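Please read this note with the sequence and the model open side by side.

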Amino acid sequence: MLRLDDHPSGRHFLQIPGPTNVPDRILRALDHPTIDHRGPEFARLTLEILDGLKKIFQTDGPVVIYPASGTGAWEAALANTLSPGDRVLMFETGHFATLWRKMAAKFALEVDFVPGDWRSGVDPALVQQKLAADKAQAIKAVMVVHNETSTGVTSRIPQIREAIDHAQHPALFMVDTISSLASIDYRHGQWRVDVTVAGSQKGLMLPPGLSFNAVSEKALAASKAARLPRSYWSWDEIIASNRDGYFPYTPSTNLLYGLHEAIAMLLEEGLPAVFARHQRHGEATRRAVCTWGLELLCRNPEEYSNSLTAIQLPDGHDADRFRRLVLERFDMSLGTGLGKLAGRVFRIGHLGFFNDLTLAGTLCGVEMGLGLAGVPHRAGGVQSALEYLSAASDAK
Ligand SMILES: Cc1ncc(COP(=O)(O)O)c(C=O)c1O
């Protein structure tokens, strides 16, 4: 029989880019007795959560909650807004953009999938060019993964918004923020995104199992005419029930307790401080990588991700063997290379419930692991990160 906490002494370091470490405060919130989801106490819980989510997504519009992983919220975004045969514009930024594209194709959408090198984000100039060339305005949606969790590359959403505006194109704008929400600045309202897709298990510091659609008025209007079949994912019934604090199905009561606590923690810290904390940890990690003499997968400094760092190993060195060694010796999980990056790349998650010393421990495990695995590198990466962290906190 499997033991659920089969780890040696001390905390396991869960440094994959999601699911992330769940804070004790949230674990304690999950550990309350389940209540009647049709009773008055539950309605108060829902209404407080829905109000708090607006602050996290930075929107005045509705946020729909699904008892599903992020993939469910991807499906909901498509099924609520589009019709069979609709054209959509997507970009091959990495593994997750590729999976979302596959889903769109299964829904009989016609995908214009702009090829990419899995090392760069979406080029706003290309968005403008593609939309300007679409004289018939046949493209119904532009779909972008904000932070590619497979590559550690963050696309520039405000610039992409501007590109859509400059092209004077009416396409819906859909953004996957599964590994950026509550880690990297993201403003559904101000950036006039129509559907934001998010999940519970990353910046929100919750276990997997909840996902979200933040929805604009334009997306709601599109949903009235959209003809893709949908039932469970349909926004209208959920939004109608939510008005009184309820759901049209049995909600994940205990995960919602956790979400209530996560929102409280994020708002207590303040979103600007949350984003600044992730920025510092991203920068400290990149300094360590640079000192080690290893190569970041992300090519463009403007697109460095602050929630994770993907690192390439030199030819002839297997990233999965390195990760296995780190797990066995130091009880730390690092992210694997996904899709065509398998075996070549490992990823350090530095998002969610995380502080300077969590990062220091993580980087120590990586530096020791590089030595044990015989990966050629220069010593001193941890030291560079520590110097940056001390100086940056002095400045604060
Ligand atoms: C950017 C991104 N999109 C979509 C997904 C899919 O979400 P899930 O695995 O929760 O279904 C993930 C998962 O890691 C992701 O990182």
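The numbered points below follow that order, and the model they describe is a predicted one.

1. Start with the ligand. Which residues surround the ligand? The shell is made up of S69, G70, T71, W74, F96, V145, N147, T149, D176, I178, Q201 and K202. By type, these shell residues split into six polar, four nonpolar and two charged. Helix α3, which covers residues 70-81, is the element that gives the most to this shell, with three residues.

2. The side chain of S69 has an N or O atom 2.5 Å from an oxygen atom of the ligand. For T71, the distance from a side-chain N or O atom to a ligand oxygen is 2.5 Å. The side chain of Q201 also places an N or O atom by a ligand oxygen, here at 2.8 Å. How much of the ligand's accessible area does the protein cover? On its own the ligand has 390 Å² of accessible area, and the protein covers 87% of that.

3. The next points concern empty space. Such space is found by rolling a probe the size of a water molecule over the atoms. The largest pocket holds about 740 Å³ of space. Its lining has 28 residues, and those nearest the pocket centre are R11, H12, N21, V22 and F353. Strand or helix elements that give two or more residues to this lining are β1 (13-15), α1 (24-30) and α9 (253-269). Sorted by type, the lining of the largest pocket has 14 nonpolar, nine polar and five charged residues.

4. How many cavities of 30 Å³ or more does a search of the whole structure find? The search finds two. The largest cavity contains about 50 Å³ of space. Around the largest cavity are T151, G152, R286, L296, L297, C298, Y304, S305, L308, T309 and A310. Strand β12 (residues 308-312) supplies the largest share of that lining, namely three residues. Six of the lining residues of the largest cavity are nonpolar, four are polar and one is charged.

5. The second largest cavity has a volume of about 30 Å³. Its lining consists of I65, Y66, P67, L210, F247, Y249, P251, S252 and L256. Which types of residue make up this lining? Eight of the residues lining the second largest cavity are nonpolar and one is polar, with no charged residue.

6. On charged pairs, the structure has 18 salt bridges, counted where a side-chain nitrogen of Lys or Arg is within 4 Å of a carboxyl oxygen of Asp or Glu. One to look up is the pair R161 and D165, whose closest N and O atoms are 3.0 Å apart. Why are R161 and D165 separated by about one helical turn? They are separated by about one turn because they lie four residues apart in helix α6 (residues 157-166).

7. Two details of the backbone deserve a look. The peptide bond from G18 to P19 is cis, and its omega is near 0 degrees. P19 belongs to the loop between β1 and α1. Both of those elements also give residues to the lining of the largest pocket.

8. The other backbone detail is at A108. Is phi of A108 positive or negative? The value is positive, near 60 degrees, in a residue other than glycine. A108 sits in the loop between α4 (95-106) and β4 (110-114).

Definitions and conventions
Residues are numbered from 1 along each chain as its sequence is written. This is a predicted model: local features need pLDDT of at least 70, side-chain atom pairs count only at pLDDT 80 or more; totals for chains, interfaces and linings use all residues. Side-chain values use heavy atoms; hydrogens and water are left out. A residue is near a molecule or strand if one of its heavy atoms lies within 4 Å of it. A polar contact is a pair of N or O atoms within 3.5 Å; within protein, one must be able to donate a hydrogen and the other to accept it, and residues adjacent in sequence count only if both atoms are side-chain atoms. Accessible areas come from the Shrake-Rupley method with a 1.4 Å probe; for residues, only the protein chains shown count as cover. Ala, Val, Leu, Ile, Met, Phe, Trp, Tyr, Cys and Pro count as nonpolar, Asp, Glu, Lys and Arg as charged, and the others, Gly among them, as polar. On a 1 Å grid over the protein atoms alone, a cavity is a set of points where a 1.4 Å probe fits but cannot get out, and a pocket is an open set with protein on both sides within 12 Å along at least five of seven lines; lining residues have an atom within 4 Å of a point. Grid points are joined across faces, edges and corners, and a volume is the space filled by probe spheres set on the points.
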